[in-house]
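Here is a friendly note for anyone opening this structure for the first time. Please keep the 3D view beside you and work through the points in order.

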Amino acid sequence: MKKIEAIIKPFKLDEVREALSEVGVTGLTVTEVKGFGRQKGHTELYRGAEYVVDFLPKIKIELVVGEDTVETAIEAIIKAARTGKIGDGKIFVTPVEQIVRIRTGETNESAI
């Protein structure tokens, strides 16, 4: 089992969710986050004063999938989230040792 964390642009969330649903992903967690990478930030004007916005709003999607679904899920995220411009985001994949569904006590693959 693998955990996939994807940082994407906020307006791409619905497209990514739909793409993941199409490849059989049944659940995910979405968090509003802020950060910066090469995109760095930008300058805004507010009440006549210029200020720098260092952290840009992003969406973090987390999902756990079986080994056989990892590459398909990654490809779906890339296809749906890519704009071709700086700031499209990143995908991180890490191993998951154990999963337990609290309600039923199911473990590992059956708990996904």
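**Notes on the fold**

1. Helix 2 (70-81) lies across strand 1, strand 5 and strand 6, and runs at about 5° to strand 1. Helices (H or I, at least four residues) and strands (E, at least two) are DSSP runs, numbered from the N terminus. Axes are lines fitted to C-alpha atoms, for helices over the stretch in contact, and angles run from 0 to 180 degrees between N-to-C directions. Contact means heavy atoms within 4.5 Å.

2. A word on the source: this is a predicted model, in which local features need pLDDT of at least 70 and side-chain atom pairs count only at pLDDT 80 or more, while totals for chains, interfaces and linings use all residues. Residues are numbered from 1 along each chain as its sequence is written, and side-chain values use heavy atoms, with hydrogens and water left out.

3. Now look at helix 1, which lies across strand 1, strand 2 and strand 5 (56-65). Helix 1 runs at about 10° to strand 5.

4. In what order do the four strands of the open sheet come? The order is 2-5-1-6, with antiparallel pairing; two strands pair if DSSP finds at least two bridges between them. Strand 2 (29-35) and strand 6 stand at the edges with a single partner strand each, so one side of each has no neighbour in the sheet. On average, neighbouring strands of this sheet are turned by 25° against each other, direction ignored.

5. Strand 1 and strand 6 run antiparallel and are joined by six bridges.

6. The largest nonpolar core has 18 residues. Such a core is a set of buried Ala, Val, Leu, Ile, Met, Phe, Trp, Tyr and Cys residues joined through side-chain atoms within 4.5 Å. Buried means under 20% relative accessible area, exposed over 50%, and partly exposed in between (1.4 Å probe, protein chains only). Strand 1, helix 1, strand 5 and helix 2 each supply at least two residues of this core, and the largest share, seven residues, comes from helix 2.

7. Ile-77 is one of the residues with the most contacts inside the core. Leaving aside neighbours within four places in sequence, Ile-77 touches Ile-4, Ala-6, Val-16, Leu-20, Leu-63 and Ile-91.

8. How many salt bridges does the structure hold? There are five, where a salt bridge is a side-chain nitrogen of Lys or Arg within 4 Å of a carboxyl oxygen of Asp or Glu. One of them joins Asp-88 and Lys-9 (3.8 Å, N to O). Asp-88 sits in the loop between helix 2 and strand 6 (90-95), and Lys-9 in the loop between strand 1 (2-8) and helix 1 (13-22), so the pair ties together parts that are 79 residues apart in sequence. Both Asp-88 and Lys-9 are buried.

9. Another salt bridge links Lys-12 and Glu-15 (3.2 Å, N to O). Lys-12 is buried at 9% relative accessibility, whereas Glu-15 is partly exposed at 38%. A further one pairs Glu-106 with Arg-101 (2.8 Å, N to O); Glu-106 is partly exposed at 30%, and Arg-101 is partly exposed at 28%.

10. Last, please check Asn-108 in the segment after strand 6. Its phi is near 50°, a positive value in a residue other than glycine. Most residues other than glycine have a negative phi.
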